[in-house]
Structure formats: structure tokens, C-alpha cells
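Welcome, and thanks for taking a look. Please have the sequence and the model open side by side as you read this short briefing.

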Amino acid sequence: MLYVSNLHKSYRSGSRTYEVLKGVSLNVDKGEFVAVMGPSGSGKSTLLNCISCYIPYESGLITLSGEKLSGLSGEELAKVRNEKLGFVFQDFMLLDGLTVRENILLPRIIHGEVTSDGERNADRLLKLFGIEAIRDKYPAEISGGEKQRTAVARALINNPLLILADEPTGNLDSRSSRAVIDSFLEARHALDATIFMVTHDSFSASFCDRVIILKDGTVYRTLENQGNRPDFQDRLLDTIKEMSGEDI
Amino acid sequence: MKTTSIRTMKQVFSKLRRHAKTDYRLLILCNLIANLLVSAFSFLIWSSTVQETFPPGGDSMKQVMMVFCIAIFGCLVFTVYAAMLFFRCKSREIGVFMALGAGKRSLAGQLFRELFASMAFPALTGIILGPLFTLGIWQIFRLFLPDKEGTVLSFTPYSLIICAAFLAASLLLCFLFAVRFLSRTNILDVVNEQRKSEPIRDVRSWYLPAGIFLIVFGAVAGYGHPYFFETFFGIFAPAWTNLLYLPIFPGIYLIILFLVIRGKGSRKHPYRKIISRSMLKFQGRQTVNNMLIMTLLVAGACFAMFYVPITASGNLLATNAWEKDFSMRLRADQDMPDFEEIGQLAGEYRLTVKDPAETPLSVLGKDGTGQDIDENGKYIYYYQEVIADCTVISASGYETLTGEHIDIPRGTYDECVDRDSPYGPDTETTLLTNMVTGETLDVRFGTVHYSHTLSGLTVLNDEDFARISEGLDSSWQETYVQFNVDAPYGDEDEYRFSQALWNRIVSASSGAGMDSSFYSWAVKIYCDEQGETYWADNEPVSSVHFTQEDSDTFQFWSLWKYKPYFRIMEQNNLFMNMAILFLTFLFMAIVCYTAVLIISYTRSLTLALSNRQVYEDLTRLGAGIEFRFRSVREQLSKIFFLPTILGMTAITLFFLMILFANDGRISLSEGTGVVVCVLIMMVFGAGIFLFYRRTLKVVCRMLGINAKSVPEKKQ
């Protein structure tokens, strides 16, 4: 599904160059729920932004369902973002001037005119994520958890190959965070969605099938969920402690 | 539950537009105002009324054009800033569209349509309203003018070209910025545009003295360089030397940079302004650029507003100081009124003529050194036996008019000079020539007599006067007439009498009697005799010799050689004659001033948008309302007041320099003008302060700071 190989990305600040990704390689299979964890500055958000085609990168290969993203033109990349990817952001990125339902329909509207099928799909997602009652409300009138569930529904409206989520629970309280994770699990279960999530939160990550831990721009370790969530969360915390200990 | 759903991007944009009305309102308003001001201003400048008032190529027109260019630039800048602020407000929206897979091409189409609609329609409305605005203000002005017939404002289509050029330039610039805005490859940059900062490098302590030095150097070098070139190189300063004024701009820039970024630190509370200063620092480049333009605009507005008070207050004081109510030079070869007729006319207006006095004058040629420029731009000085007219009066004639007895030795001449005039006496004449008989008189300068009404006359010993005037025909002879009037029924009678007498004199004038003050028949005859061309004959006839039709124009009023000096008329007509000047300069001031307000407003909003997150963080860190309010106030006060103070100080110093450089002193009338200018600046300042208070409230509201809960004395 998603294949990343030897990805390099650096930023310039004044005369200095900071290499953020130093040859990251990973892959995500269809239907998988994968998280990326790591300390601040480890490059996890940069990795997600490169996969999202939001920022250019220097070298490496990213393929999505066999299609190479690096050689695509701006318009082709936009098409990929619209048709093959779904996005969930930490600060929701909902448009304040549109209702919940209109925000969900936005990727569809960008794709072309909204059909009755599209509308039915939006209504189904509203129902699936328990936000049907707020469909005509504006973002300013709903809670953070509701906003993020709206964002998850929006990410799924075009039936993408992959959902990319950047700290989706970062701005939420624990109840809302759980609701968002549940909506991801629901999306995977009901819609066979593939999810790639960047997070700081070991609790959220413990629901994933696999967690890739980044450190200083490289893959430090990959942990697999054996089926026991609390146990997986403990392993994640131990690994993070171990990584921090090395720093000391 | 069924709702009307949005199905197309067009509908999405339309709904978002309705939601973000404020963002559009600012762009629409800025375009409307910019185009209205440009249109109103250009319609005024290129109206035939103003074009006739300001001689083409004259200093006044150059000054008008200079401030007009600054004003246009200011309007262009605030239009572009409004567009950039609009992009900044739209950036999140556009970023979300891009992130969700909208193609740049389709977004560009939508954004361009929105931009065009928000710019072009208000602009066209502004262009249409501009002349109406001008006409409206002009009509209000005319209510106060005594002569309503001669002040009808007529427009020329030329100004439309200026309006179209401005509109095209502003559209082009904004579209270029839109293209740049959309062409970024990093989508996150678009999304985070509102949070983007523009850090600037460290500011050193030498910036302030260096800035002051550059300003002083630019002002002195710019203003004084013609004298330098003339004295040391003997050449006329070439046009490029005006670039010597340029150091003023980096000078102002360095001072603003220093004051914005470093400022005057407090030893007692070194961290007190750390937040506001840091915020300004990280918006530094744009803020300082904005402030530089605002400084120029403030200076432009003040310059425009100073022109009329300086001129008008000088004139008013001068007319008050005239020795007689009525004084005039009447040509002997034309049918001019005598005292009997003047007395009769005065009687018709219920006036009595008092203190009448008259004395003959003779017009001669005088020698002197002329100055010209050769093909290389070098000054050439040459002696000429007849370089100008010289109107002479005898010592006894002088006594008749002034009651003052003076003794002038033979072969000596005295000069009558206006004490307030920047021009001193002509001390270099050595030869007077009777242009009819060719008789000459060797003379040398004696002394100066101060008189307002007799200024410009040369006084000779009675015998010398009689000898050199012998044989002059009536075309070289004049009578100087002066008197006061007693107006028992009020000034209105006196004013109507002055108009009647003016009309009587003008209608009796013809031929040489309608010459411009700089035309000299003595020089004309001398040049003809030498087989040379008199330079004034190469000038357009209309600027040298007037006709009866010109008698209502400002040019005739200011340049007619035989203009009578009637105090009541001068004072009453001063406002009318100054009205066109005043209106033109008032417009320039309005345009510059409006541009200052809008730029400071848009800059303040940008600051609020950029720092919204910082203020949210400050709130989370426990910063109280007072603290946050103070930090906003510190930033906004710098944006508003620093350019205002700098611009006003710079232009005041510049004016004082010009006034002082004219004659090495600041006269009473000039001093009065300066006081009026200070009052104008106070009104300007008060307006800016009120607008600042309003903007402060808006910005506080945007940042969620309830200014009302801040104690009054801390606001």
C-alpha cells in the first residue's frame, strides 16, 4: 500500500541546514493501522508531511499503491491527495464557514460535483461516527472531539487508500481522544480503511497494529501489537524509556 | 433531515465569502477609498481651473506633482497591503483546500475571480464617485467665495487615464502577489501563513546616530547642492543631483528600525516591554517598511497642509501692514481715473476718500549682470546696459507719499524694500537709461527705505529724476496714486467700491498696460537695438501679455504688472485666490492622511492575526488582561505614533530650513505661518490618536482582550 524508502529531508535556517529525515524506510499494508511515535524533533511530522505531499523532500522514494509520488506534477499530486489520501490534523482544519456536513463533503466537492451517492455516503459517515445530530452546526458550535470526528469523516468521504493523521488526539481530552480512536477503529472495521497516524500518546498508539518509533530522523524500532492493548502500551512506554535512557 | 447542500466549489466560496464578510469588506473599502482618492485628486489636478492656476513647470506645480506621486504611491501601497492581508486571512482556507487535494489551477481561478470582484467593482465605483466628491467639496468651498462666477470647476478627461493606470497597476500588483501566494510548493506554508514571522537581524546601537546623520546630510545636500554647484563649479546643478535627497530615506529607515527593535530600554524594568518588542521584532521587516512609507505620507500630508498657511498668513500680515488702503500705479498713456473720478465713484458707495496723494513715476532701463546657462550646463555671467525696468520716483515724490523727507545726493539711488520680502534691495545698478532719448545717468546705491506699498520703486534726487525723465513719452510715465477711505456703513461698501475701481482700471488697460510683471519694454528695445531676441518673446504670449478675458484668472491676479493694491480686496480675495491652492493641497493632505490611517490599520490587524496564537499562549501562561492590553497598546502606539512624530518633525525641520535659507531669518509672517502649521499638526495628531484608539479596540477584540475591563487610567 504505502512504501517509503531511504527518505531524506532537511530544513535550512539562515546559513545552517538541519537534516530531519536521514534515510527513513517503512511500509504500511492495506487495512493496517500504523502509528509513528518519537520525541520532539525526531521527524515524525515531517515524515507525514512528505507522505502527504505537503512539503517537498530531497531524495528517497514514496509509492502509494504502486504509484511513485516523487515524479508527479503539482496537479497530479493534488489529485492523489484528493482521491487516494484522507487527512486528519491536530487542529482539525475544518472551515469555520461551513457546517459539519459541508465540511465532510468538502473533498467530494473538490473532486467534482457532489452526487446523491456522495451525499448518502456523508450521511452514513455522520451516523457511523455519532455526529448526525450536529450535521448542520458550525465548527464553532461543537466540541473538540466532535470536530475531530468530523475531520475523520471528511478524511473518509472519498474512500481513500490511506488516512494520514497528524496528532489527531493532541488537542483533545481523554474522552474525546478515545472517541476519535474509536472512529479510526470503526473506519478500519467498517470501511477497511488503512490508517497511518503520528502521535505522542502511547494510549492512542496502543490501539494500532504496529508502532514505528523514530529517533533523530531514523527508524529506531518497530513494535507489533500482539493483541493485548495494555501490554502493548507497556511495551511502548518501556521502549520510549529505553530510548530516553540512551540519551542520558 | 434534509438540508440544502452545497455541491460545487463556487457555492463553497460563496458561502465562505458570506461567512468572512469582514475580510472582504476591508479589501473592498480599501480599493474604493484608494480609487476614489486617486480619481478625486487627479480630476482636481487636471481640471482646467487648477491647471490655469498653477503655471506649468512652475515650482507650485512641481510640489503638487511631488506630493501627488507620494499620495498615489501611498494609495498603491495600502491597496496591495489590503490584498496581502486578504490573502493572509484566506490562507488557512486555501491551505485546507490544497491539503484536501484542490488543484492550484482551480483555486487560482476562484481566488482571481474573488480578487477581481473585490477590487475592480469598488475601484470603478471609486473612480465614478471621485469627480463627484471633488465637485461636492468644491461647491462647499464656493459658498465662501466672493466671486462664484470665476471659480467654476471644469474637468478634463486626462484624469481618467491616471485613474485607469492606477487601477491597472494595483490590479497587476495584487494579482502578482496572488500568483506568488499560490505558487508555494510547501502547502504547510500556506496553511500557516497567518502565523508566519519575519525575523530581522540584530539592530546595532549605531543605527540611531547613523540615521540622524543620513537625514541631516540628505536634507542639507539636497537643498543646498544648487548653491554648491553654482559657487564651486559655476554650473547649474544637473537634474540627477536631486538624488542627493535620497539618504533621507535610509536615514528614516534606520531610526525606525532602531526605535522599533531596540527602543529606549528601561534600566529599572528591563523585561517590561519584552513581549511587545519581540512581537514587533518578528514582524519587523514588514512593520518597518510600512512605517517608513507612513512617515513619508505623514510628511507629504503635512507638506501639503503647510503650503497654504505659510503663504496665506504671510499675505494677510503683509496686507495689514500696507501703509494705505488703496495704492496703484496708473499708466499715463491710458485713460485712468483721476482723483475727481475716484472721489465720485467712492461717493456712489457711501465712502469718503481720505489722505489722497499722487506723484509721477518714470520707467527707465537699468544695467546689471545677467546669468545664463551654456550648452554644458555652466553658468555664464554677462553685463548688460539694460537688464531690467526700473521704476523711479523723486525724493520729493517719496515725501509726498510717505511724509518722510529724505536727502539723496546726486548720482545716488535709494531702494524701497518690503521688510518681509525675502528679496533684498538691488545694490548693483550703476547706469539708468532713458529709453526714449537714450540719455543715461551714472548712479550708485545709497540706502534702503522700508515700505510695503512702495516696495520695488527706486528713489532719485529730484534733479536727477527731472534730468533722466526728460523727453519720456507717456508710455514710460506713470502716476502713483494712494489714499484711504472712510467707510461709515461698513466694509461691504469698501469692498464693492474696490471691485468697481478694479474693473474701471482693468477695462481701461490695453496693450503694454496688460503686461506680465516680468515683461520689460526697456529690455525689449535694448535687445532689438542689439539685434538680439528678447528671451521673454520666446515665452507663450498668454503668459506674457494678458487680455481682458484673463482678468478673472489667478495668474492675472498674481502676475499683472499694474495690479492695484486694494487692501480690502486683497484680504477678501486672498481666500478665493488661495482656495484653488488650498483645495488642491487639502486633497493631497487627505489622500496622504487616509493612506496613513489605512496602512496603520491594516498593519495593526496583521499584527493581531500573526500574534493571535502568542496571546492565547500568554493567557494560558497566566498573563492578565492588563498585561496583554499593555503589550498590544505598546505595539500599536509604535505603529501609529512613531511615523507620525518622525514625519511631522522631519517636515517641520525641512520647512524651517527652507524659510531660514531664504533670507537668513524667520520673519514675523513666516513665524505666524509656522504657528498655524503647528496647530494643523496638532489636529492631524489628534485625528491619528482617535483612530489609534478605535484600532486598539478592534485589535483587542480580535485577540479576545476585553479592553473595557482594563481600568480607564491604564488605557
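Two strands pair if DSSP finds at least two bridges between them. Strands (E, at least two residues) and helices (H or I, at least four) are DSSP runs, numbered from the N terminus. This is a predicted model, in which local features need pLDDT of at least 70 and side-chain atom pairs count only at pLDDT 80 or more, while totals for chains, interfaces and linings use all residues. Residues are numbered from 1 along each chain as its sequence is written, and chains are lettered from A and ligands numbered from 1 in the order in which they are written.

**The sheet in chain A**
- An open sheet of mixed pairing is built from six strands of chain A, in the order E6-E7-E8-E3-E9-E10.
- Strands E6 (85-88) and E10 (218-224) of chain A each have a single partner strand, so one side of each is left without a neighbour in the sheet.
- Four bridges join E6(A) to strand E7 (residues 162-166) of chain A, in the parallel sense.
- In E7(A), A:Leu164 stands opposite A:Phe87.

**Chain B overall**
- Chain B holds 21 helices and ten strands.
- Of its 715 residues, 40% are buried (20 or more other C-beta atoms within 10 Å of their own, with C-beta atoms placed from the backbone; exposed means 12 or fewer, and partly exposed in between).

**A closer look at B:Val544**
- B:Val544 lies in helix H17 (residues 541-544) of chain B.
- With 16 other C-beta atoms within 10 Å, B:Val544 is partly exposed.
- B:Ser517 is 27 residues from B:Val544 in sequence, and their C-alpha atoms are 8.2 Å apart.
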